[in-house]
Structures are given as C-alpha cells and as structure tokens.
Amino acid sequence: MNIKGDIAGGLTAGVVALPLCLAFGIASGLGAAAGLYGAILLSFFAAVFGGTKTQISGPTGPMTVVTASVVVALNGDMTLIASVFILAGIFQILLGVCRVGKLIQFIPYPVISGFMNGIGVIIILLQISPLLGGASSKGTIDAIISFPNIAINFHAMILGLCALGIIYLTPKKISYFIPSPLLALIILSVASYLLNLDVKVIGDIPTGLPNFTIPDINFAQITVILTYALTLSLLGAIDSLLTSLVADSLTKTKHNSNRELIGQGIGNSICGFFGGLVGAGATMRTVTNIKVGGNSRLSGVMSSMFLVAVLLSLSKYVYFVPVCVLSGILIKVGLDILDYRLLKELKTAPRIDLSIMILVFLLTVFVDLIFAVGVGVVCASLALIYQVNKIAKVKAYEKDGAMVVSIKGAFFFGSSSKLANAIADINYKTIIIDISSMKFVDLTGIYALEDEILIKLEQKVKIYLVANEKQKLISLKNLLGEDKIFKTLDDVFARINIIKD
C-alpha cells in the first residue's frame, strides 16, 4: 500500500473533480451543491464498498443527461427525484447480488480499446479551449467547430503550457515525493495569484452540509419513477464497469464487478437521501488518480475528504485555482489514456478487430459512450459468428453406395444453412449424417437438422446418424429411432451390410 501515492492521487482527483461536479450539478438542474454532495458521498461509499480499489466515483456526463430528464419529468420535486435516485441505487445493489457484473468480462478488447482512445480524445478536445483561455465547449463537435473562434488569453495559454511542461519535465526524483500534476497545480496557482494574472479561476463554490431528504413515492407517477430509476441504474452500472476495465488495464489488476455494483448502489442510494447528484465510476478522475500514484481504496476516500474540506473551509483557497492549469493536467491525462499498445499494431492487427476499434472510437467521440460500447459489442459478436461459421465445415462424399455428410466445428444458427444446403442437394437413397466431431450444437442447429431429415424421410430416403454420447439429441432420437443412431461410421456400414445381406 502506497499511502503517499493514495493521498496525492486522491487529492489530485478531488481537485479535478471539483469543477466537473459543480458543472454537472448545474447542468442537471439540481444546482452546483447537488453535484458537490454527490461527488463527496459517492466517492466515499463506492471506494469503501466497491470492487475497484483505484476507482474514483462521482457525477458523470451520461448520468447527468438522464438526471436532467428526471428533473424535468418530475417538475423539480426533490422528494420524488430522491426516490428515483434511491431506487436506482437499490437496483444496482440487486444487479451486484444477482452477479450480473461478471457479464462485463465478455466485452472484447477492441471495444475497450476504442472506448479508451475515444475517452482520451474527448478529454483532449474539450480541454484545448480552456487551456487557451477560451470558454468550455458543450461537446466534442462543438469543440471542433469552435477551434477557429477561440478567444485566446495569453496569460491562460502560458499557464496551461507551463502546466504541461512541469508535468512532463519534472525529474522522477522530485515527482516521487510530490506528483508532477499536483506540483504544477500548486506552483502555477500561487504564481497566478501573486502576479494577479487575468485568467479564469474556479471561483465561488457552495458551502454547508446537505439536508436529509425524505423520499416520496407518488403512485400516480410510479411508472416514470421506476423507468428512470432502472435507466440510471443500468447506465451507471455500465459506466462504472467500463471505468473499472480501464483501471484494470492501467494497474494490471482485476476488479470485482459484482462488488463494484453493490458499492455504486450504496453510494447512489445515500446520494438520494442527501440531495446529491447520482453518478458512476468516473474515467477521467480514476485515471488521474492512478497516474498520480493512487493504488488503494484510500485514494477514493481522500478525494471525498478533500471535497468535504472544500465544502467546509477551503473554498477561499480553491477559489484561485486557474482553470487553464486544470486543463493542462487533463490533457496529459487524455494522452495517457490512449491505447498505445494497439495503436502501435495498426498495420498488423486483424482487420475485423481494427474496424471494431475504429467504429467504437468514432461513436465514443461523436455520438455517445454507452451507445458506442453497445454497438461495439454487437459488431464483435457478429464478427465472432462470422469467424466461427468459417470454421464450421460440411463435407459430403460417397462410400459404398451411401452419401456421408460430415459436419465439423460449431453447428449453430450461424452455420445451419451450410448443412441444409448440403443435404438438400443429395439424391442418394441412403444418407449418413456424421456429427460426432461437432464441438457445439445449439437449438437452431438441431431444428435445421430435423427439418432436412423430415424432408428426406418423406422422400423415402434412409437416414442414419453418427453422434457421440455427450451430444444430447433426444428429439433426433425420437425422430429417427434408437436403431438409426450409431457411435461410429463403421458401426453404420456394418448395420447397412447386414441389412443388404
């Protein structure tokens, strides 16, 4: 356990989280304080009870978008909104208890790579304008369009570039004692204050402890409440577990998906009781934490404690932190997120995997993070079906007056047409179907086989089946009869020769 790294990582992640959670709170319609309360509560409880040791949780963009819809749908009634948040947390806990979190392991690497590269590029694009002293962009497309019109503030640009210089050029001996992003933050904030530079700073933040909110279930709106609660729970689960995968990739560790869902659920439920904005594992803050040195749950607790300190007594100091310096730190974070491992293999990587990675990357940057992952998983599944279908082989050959149809590989819905076409073209009076070498067969494959057998039986064709004992083919046994099913081809021809004799 690296306590120094955890403290530095947590504090830096907390500083990075501060302007974001305030902005998310305002964007949600609940106010800046709600964003700050949500970051404090979720960061603490998800760190303590979650399954990803280095994850920093709090309000995120996707969750904020849905929350804004909740606020509008429920007319800003905080008691009803609290019920949505609490139920969303409970649903996440149930997902973890039911062990749904393990499904995240089935997301292919090209999807994760495209997502990571997309997140990195989004961070960089969104931070270029603030680094130069311009206004923050609403999204990646807006950031790209507004590039030519950025009102450059040279003081801000110099500070931002100095932040990048300090981060990249600080000797390892110094950064071992104080991480370079934190060093840049302190030095440049003090310099900006002493020189009275004309740059945008974080400014005033809300103070005071949150009030306890008693949720209310209005049965006239129960459908709206349950729908939004389920939406938030699923979106938060996916968002958090994707961030957990990013953390795994950076730390070379394995998270506990189900425990992570339980931790997120506990945190979001408590946010509902105290008027906090619900959230999820935050990729940007998590990566910042890891890169600065965080490697245990303590970092998430420290991030929460920093925000509590800000809330209670440090607002007058955080007030003077230049936004451009934070942008410089985040650009470095964005560059670090990029998946250089796969980017180095662009020329040699399989085309299908590369295409999926590029597709997910583009959708992540220009459309939506969750949608991008969903499309990526579907495309990867279709690609897998295509590959498995190529492996499946149907071979037909004549032997001793009978036609033998041998099926090898996986026989499923993707390859069933191969068998149907092969059997349909056979005009022999005796057909032997050999499926003993099949590694896998699904219901679609069995039904396709049954359909072709029925057609041939109606044509008075004798059908024999070769299958191994492990294959459960009860419906085929009922269709053909036990006397037409054998363990080997030799057994079939021995039977046929006996009949001939």
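**Exercise 1. Which residues of α2 meet which residues of α11, and how do the two helices pack?**

Step 1. Gly-38, Leu-41, Leu-42, Phe-45, Ala-46, Val-48 and Phe-49 in α2 meet Arg-259, Gly-263, Gln-264, Ile-266, Gly-267, Asn-268, Ile-270 and Cys-271 in α11. Contact means heavy atoms within 4.5 Å.

Step 2. Sort this contact by class: nine nonpolar, five polar and one charged. Ala, Val, Leu, Ile, Met, Phe, Trp, Tyr, Cys and Pro count as nonpolar, Asp, Glu, Lys and Arg as charged, and the others, Gly among them, as polar.

The model is predicted: local features need pLDDT of at least 70, side-chain atom pairs need 80 or more, and totals for chains, interfaces and linings use all residues. Numbering starts from 1 along each chain as its sequence is written, and side-chain values use heavy atoms, without hydrogens and water.

Step 3. Take the axes of α2 (residues 32-49) and α11 (residues 257-273). They come within 8 Å and cross at roughly 150°. That makes α2 roughly antiparallel to α11 (angles under 35 degrees count as roughly parallel, over 145 as roughly antiparallel, 65 to 115 as roughly perpendicular and the rest as oblique).

**Exercise 2. At what angle do the axes of α5 and α10 cross?**

Step 1. The axes of α5 (residues 109-131) and α10 (residues 222-251) cross at roughly 90° and come within 11 Å. α5 and α10 are therefore roughly perpendicular to each other.

Step 2. Find the contact. Ile-112, Phe-115 and Met-116 in α5 meet Leu-242, Leu-245, Val-246 and Ser-249 in α10. By class, this contact has six nonpolar residues, one polar and no charged.

**Exercise 3. What span should helix α9 have, and which of its residues are buried?**

Step 1. Helix α9 (residues 180-194) has 15 residues. The expected span is 1.5 Å times one less than the number of residues. That gives 21 Å, and the end C-alpha atoms are 21 Å apart, which agrees.

Step 2. List the buried residues of α9: Ser-180, Pro-181, Leu-182, Leu-183, Ala-184, Leu-185, Leu-188, Ser-189 and Ser-192. Buried means under 20% relative accessible area, exposed over 50%, partly exposed in between (1.4 Å probe, protein chains only).

**Exercise 4. Where are Asn-196 and Asp-400 found?**

Step 1. Asn-196 is in the loop between α9 and α10. Its phi is positive, about 55°, although Asn-196 is not a glycine. At 66% relative accessibility, Asn-196 counts as exposed.

Step 2. Asp-400 is in the loop between β3 (393-399) and β4 (402-411). Phi of Asp-400 is also positive, near 50°. Asp-400 is partly exposed, at 48%.

Methods:
Axes are lines fitted to C-alpha atoms, for helices over the stretch in contact, and angles run from 0 to 180 degrees between N-to-C directions. Helices (H or I, at least four residues) and strands (E, at least two) are DSSP runs, numbered from the N terminus.
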